[in-house]
Amino acid sequence: MLVVTKFMLLLIEDFLHSLASTGWFQFFNYFMQDALFIPLVAVLALLAIVLLKDKGAKATVVVSLILVSILVTILKQIYADPRPCDGLLDCEAGYGFPSGHSSLAFTLAFATFGTKYFYAFTAFAVLVALSRVASGVHSFPQVVAGMVLGFLVSTSVSRGLLVGVEMVKKWKK
């Protein structure tokens, strides 16, 4: 079973690598550079904050993005998992597990769950994840780990804020 799973992952990664030469991919991948991606996520987070009406949802976006950034930094140092392109000239520095780009993008997407903006942010997150694998900067498991981390952080923060609001309401009565 493990051999079949590894074979399937290799097929997926090979397919994504074949996309790397397409024009849309090269255009999108240009924005995945850290110098452009971090401001892009900040702009998208501000957009989400402006568009979302619920104060709890706005807080979830902010707190989740900060928390996932910290956790990604810690987890990369703990696991010290090299990138698939490690040793190549164009490889980004640092470790690959979990994917920070995927973590941030999926955190933003899951933080907007239940709103009409969720699907747009999720589409963006999926494109980010695919571009990271296609460019060879991350393996498929590293990107999936980023997605799972984004889900866990945003849902935990969201639920924690809901519990906190309910506690404050009870305390005020």
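## Accessibility and basis of the model

A residue is buried under 20% relative accessible area, exposed over 50%, and partly exposed in between, with a 1.4 Å probe and protein chains only. At 39% relative accessibility, Phe 151 is partly exposed. Buried residues account for 36% of the 173 residues in the chain.

The model is predicted: local features need pLDDT of at least 70 and side-chain atom pairs pLDDT 80 or more, while totals for chains, interfaces and linings use all residues. Residues are numbered from 1 along each chain as its sequence is written, and side-chain values use heavy atoms, without hydrogens and water.

## Secondary structure and contacts

The chain has 7 helices and 0 strands, where helices (H or I, at least four residues) and strands (E, at least two) are DSSP runs numbered from the N terminus. The order of elements is α-α-α-α-α-α-α.

Contact means heavy atoms within 4.5 Å. Of the contacts between residues at least 6 apart in sequence, 70% join residues at least 24 apart.

## Packing of α4 and α5

Helices α4 and α5 pack at about 155°, with axes 9 Å apart; axes are lines fitted to C-alpha atoms over the stretch in contact, and angles run from 0 to 180 degrees between N-to-C directions. This makes α4 roughly antiparallel to α5 (under 35 degrees is roughly parallel, over 145 roughly antiparallel, 65 to 115 roughly perpendicular, the rest oblique). The crossing of α4 past α5 is right-handed, meaning that the near helix is turned clockwise from the far one by less than a right angle.

On the α4 side, the contact residues include Val 61, Leu 65, Val 68 and Lys 76; on the α5 side, they include Gly 100, Leu 104 and Leu 108. By class, the contact comprises 7 nonpolar, 6 polar and 1 charged residues. Ala, Val, Leu, Ile, Met, Phe, Trp, Tyr, Cys and Pro count as nonpolar, Asp, Glu, Lys and Arg as charged, and the others, Gly among them, as polar.

## Aromatic pairs

Rings of Phe, Tyr and Trp (its six-membered ring) pair if their centres lie within 6.5 Å; planes under 30 degrees apart are stacked, over 60 edge-to-face and the rest tilted. The count is 6 aromatic pairs. Tyr 79 and Phe 97 have ring centres 4.9 Å apart and planes at 75°, so the pair is edge-to-face. Tyr 79 lies in α4 (residues 55–79) and Phe 97 in the loop between α4 and α5 (100–111), 18 residues apart. Phe 97 is partly exposed, at 22%.

Phe 110 and Phe 151 also form an edge-to-face pair, 5.2 Å centre to centre with 80° between the planes. This pair links α5 with α7 (residues 140–172) across 41 residues. Phe 110 is partly exposed at 21% relative accessibility. Ring pairs join Phe 106, Phe 110, Phe 113, Phe 118, Tyr 119 and Phe 151 into a cluster.
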